[in-house]
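The following paragraphs lead the reader through selected features of the structure shown below. Please keep the sequence and the three-dimensional view at hand.

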Protein chains: 2
Amino acid sequence: MAAVTPKTLLVGQSGGPSCAINATLAGVIHAASESEKVERILGTFHGIEGVLKDNTIDLTGFSDLEKLTATPAMALGSCRFKLPADQDDPIYEKILNRLDEWNVGWFLYIGGNDSMDTVSKLAAYFEKVRRQHPEKQVPTVFGLPKTIDNDLPGCDHTPGYGSAARYLSVTMQELIRDTAIYALPSVTIVEIMGRNAGWLTLAAGLPRFMGGCKPDIVAIPEVPFDEDAFLDRIRMLQKEEHTIIVAVSEGLRDKNGDYVGSSSKSGAVDVFGHAYLSGVGKYLEHLVKHKIGCKVRSIELNLMQRCSAHLASRTDLEESFAVGAYGTRQALEGVTGKMAVIRRSEENGGYKAVYDCEEIEKCANQELLVPEKWFNLEDKTVQKEICDYILPLIKGEAKHFTDDYGNYDYINWLQYSNAEGGR
Amino acid sequence: MAAVTPKTLLVGQSGGPSCAINATLAGVIHAASESEKVERILGTFHGIEGVLKDNTIDLTGFSDLEKLTATPAMALGSCRFKLPADQDDPIYEKILNRLDEWNVGWFLYIGGNDSMDTVSKLAAYFEKVRRQHPEKQVPTVFGLPKTIDNDLPGCDHTPGYGSAARYLSVTMQELIRDTAIYALPSVTIVEIMGRNAGWLTLAAGLPRFMGGCKPDIVAIPEVPFDEDAFLDRIRMLQKEEHTIIVAVSEGLRDKNGDYVGSSSKSGAVDVFGHAYLSGVGKYLEHLVKHKIGCKVRSIELNLMQRCSAHLASRTDLEESFAVGAYGTRQALEGVTGKMAVIRRSEENGGYKAVYDCEEIEKCANQELLVPEKWFNLEDKTVQKEICDYILPLIKGEAKHFTDDYGNYDYINWLQYSNAEGGR
């Protein structure tokens with residue numbers, strides 16, 4: 001076997017941000033720094049766009065991995081870029097030539113479902129080139145999971161979910177206390193991310209599932225939503241208590257599969273005469289106001305549920321780091337076209353994360369939904385299963401890099417991006 | 001001097017919740033427990049309503065003051081109740097009789113501008129009774145400040161503001177990181193509480209005032225808002241950078257004093273055919289979308305900015321406790337019709353809170369606005385003054401009563417309220 005020529009390891013981040021995606025990047029840098037095969041660690045700004053636009057940062061020798069781990073959102077920036085289906089499109093050759101020019105041996109891509117589409121397409125194209133030109137050095141390409149949505153197939157859970165879940169559980173407890181203070185009938189609708197999967201909303205439901213009574217109603221996209229049943233349930237609950245709290249996924253659907261409140265999207269117009277796009281929370285607020293008439297408010301947890309690094313789960317950050325390091329070692333061994341996944345081992349009764357590889361085709365463009373056995377959210381045995389599933393993932397407070405005034409000391413590499421996105 | 005007959009100290013909370021109002025309650029209980037004059041500590045549920053409805057809890061001997069201090073929102077519940085202007089209204093006699101029945105010697109009321117109206121009216125009525133019937137034992141009534149809005153006259157700052165300010169500064173830093181990731185033009189509008197005063201929005205502006213460049217625009221109700229100038233400023237900023245973040249107070253007004261976006265309140269109708277009430281954030285989102293056309297989103301920080309106890313400022317909680325204890329000692333000494341205030345001493349160059357009393361008429365129904373010298377938010381010297389003012393108030397992380405999974409161990413007295421508001 002010929003001596004290995006040291007090469008460049010390239011890493012990028014893509015898709016929506018999370019509190020944990022920089023932890024995975026730190027894991028990549030850690031494993032790459034340990035390997036003698038790696039001569040240089042190169043970060044591409046804004047994912048695959050940085051490859052196309054020659055916009056990178058040299059991360060060789062970077063060692064402040066703890067601070068990187070604690071930095072909110074994406075230190076390398078992100079993109080929403082879909083590679084064309086046609087492998088003959090010149091973009092593929094351009095990418096390969098650029099990687100060749102940079103002497104890239106391994107390309108690690110951290111992202112969710114859409115980002116894995118990029119990994120999948122590049123892996124297929126590189127494989128084709130490898131077959132057609134065996135003499136050519138072609139990099140391995142490897143996916144590292146990231147999404148607060150927790151919907152990547154093959155994963156027990158995804159890096160980022162635990163931190164978002166911790167934010168949602170803590171915030172819901174505080175909202176419960178806040179809304180409890182008035183002795184007047186009120187309904188509070190809390191809208192949580194999740195177009196198709198209800199994982200995040202289940203986390204917001206934790207205070208209830210752990211033996212409490214709130215949030216009073218938990219509604220996820222997987223279970224068809226019936227407006228009349230919803231209103232009847234509120235009316236029934238109001239006979240017993242003043243304060244009703246509802247946790248709903250943004251992607252709530254009716255029995256026909258239509259988004260709840262989608263009719264309002266054509267019905268309402270704003271002052272500019274354009275369609276008024278309202279979320280499901282706002283829609284349900286109006287519904288309750290008009291049909292029941294009590295005090296009602298809706299709260300959208302918006303970007304805070306994905307960027308609140310101050311509430312990150314220590315377990316989530318540790319696992320996100322570990323899956324980055326694991327995947328990097330796999331790629332360095334020549335594994336290509338796969339994604340690293342976190343599985344769950346409960347061998348000795350306790351929770352333990354174990355790391356494995358999954359075929360990229362199984363992960364790209366597909367979504368893992370909440371299992372049907374959990375649909376009956378009122379059932380105690382189901383509630384126990386939900387708690388048993390989520391609790392280990394939100395365990396522990398992460399280390400903060402904030403001073404006594406709450407000011408973050410974070411990594412700000414984006415200031416060096418020539419795309420000027422990050423200033 | 002005759003021997004003092006031990007009496008009941010009554011305490012209640014009123015108005016909107018904060019992270020610090022239970023700290024003040026803990027201070028009241030602490031000072032009352034230390035006094036030999038106090039035979040019994042009684043908490044009234046839902047403020048003055050608990051007096052009218054005989055809905056109370058005996059807090060004598062309660063000693064878990066640390067946990068009470070860390071409990072979000074109001075342990076005794078709240079109300080929005082305005083006493084009538086007419087002192088001959090029978091409600092006043094009813095209240096006095098009830099306090100007499102309970103053997104109340106001192107009534108402490110924790111709240112903001114509106115709650116101080118209750119203190120002011122009761123104090124005036126009690127004073128009248130005292131004059132007309134010198135033989136009658138009439139309680140002292142004393143106000144303790146509370147509002148995240150920071151708008152109580154006579155106060156350097158109000159209990160609750162520091163914690164909300166800490167939440168806003170930390171959250172804004174995280175939003176800045178989150179929105180920085182894409183190399184695409186975008187505008188993010190963050191809407192912050194404050195109908196008339198911009199104190200909270202200034203706190204959200206801290207990352208900028210401390211020498212950063214974001215949020216790019218900070219707009220407060222005290223400064224008339226000009227839509228064209230706002231759009232021009234965004235267009236100018238977009239020549240330099242992709243990501244624009246704007247912090248605005250919910251009560252932003254134009255030069256005529258009308259709420260910004262108020263026209264949309266009549267223009268938009270929802271799917272039920274009713275007026276669509278949108279906040280200033282949503283309005284500005286639509287404005288930017290239609291006039292500039294880039295990616296734009298609005299974020300309402302909603303109840304989270306007042307209930308996020310996990311981000312409470314240690315300084316705020318300590319001062320809130322201290323002002324509660326101070327005010328209670330004043331009331332026990334016979335001071336009536338006043339409110340305790342926090343003033344600032346900078347004698348030896350360092351920040352120090354000192355406690356004092358203010359006439360209740362100066363505090364009730366009035367609002368303290370941001371001083372005019374701070375209106376030029378671009379000016380560096382002004383920025384330094386804002387930092388010097390806010391930073392000491394947000395100093396220190398408060399002790400949390402959460403387990404390793406972020407579950408709160410909080411005081412839940414409302415479960416004993418016969419108004420059933422808190423379950």
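Which residue stands opposite Pro145(B) in strand 5 of chain B? In this predicted model, Gly111(B) is the residue that stands opposite Pro145(B).

Strand 5 of chain B spans residues 140-145, and it is mostly covered, with six of its six residues buried. The burial extends to both faces of the strand. On one side lie Thr140(B), Phe142(B) and Leu144(B), and on the other Val141(B), Gly143(B) and Pro145(B); all are buried, that is, under 20% relative accessible area.

Strand 4 of chain B, residues 104-111, pairs with strand 5 of chain B in the parallel sense, over six bridges. Within strand 10 of chain B, Lys338(B) is the bridge partner of Phe142(B), a residue that is itself buried.

How many cavities of 30 Å³ or more does a search of the whole structure find? The search finds seven. The largest cavity holds about 110 Å³ of space. Its lining includes Asp178(A), Tyr182(A), Lys295(A) and Arg297(A) from chain A, together with Arg306(B) from chain B. Helix 6 (161-179), strand 6 (186-192) and strand 9 (295-300) of chain A are the elements that give two or more residues to this lining. By residue class, the lining of the largest cavity divides into four nonpolar, three polar and four charged residues.

The second largest cavity has a volume of about 90 Å³. Among the residues that line it are Asp178(B), Tyr182(B), Lys295(B) and Arg297(B), along with Arg306(A). The elements giving two or more residues to the lining of the second largest cavity are helix 6 (161-179), strand 6 (186-192) and strand 9 (295-300) of chain B. This lining comprises four nonpolar, three polar and four charged residues.

Conventions:
Residues numbered from 1 in each chain as written. Chains lettered and ligands numbered in written order. Predicted model: local features only at pLDDT ≥ 70, side-chain atom pairs only at ≥ 80, totals over all residues. Heavy atoms only, no water. 1 Å grid on protein atoms, 1.4 Å probe; cavity = no way out; pocket = protein on both sides within 12 Å on 5 of 7 lines; lining within 4 Å. Points joined across faces, edges and corners; volume = space filled by probe spheres on them. Helix = DSSP H or I, 4+ residues; strand = E, 2+ residues; numbered from the N terminus. Nonpolar A, V, L, I, M, F, W, Y, C, P; charged D, E, K, R; others polar. Buried < 20%, exposed > 50% of the residue type's maximum accessible area, 1.4 Å probe, protein only. Pairing = 2+ DSSP bridges.
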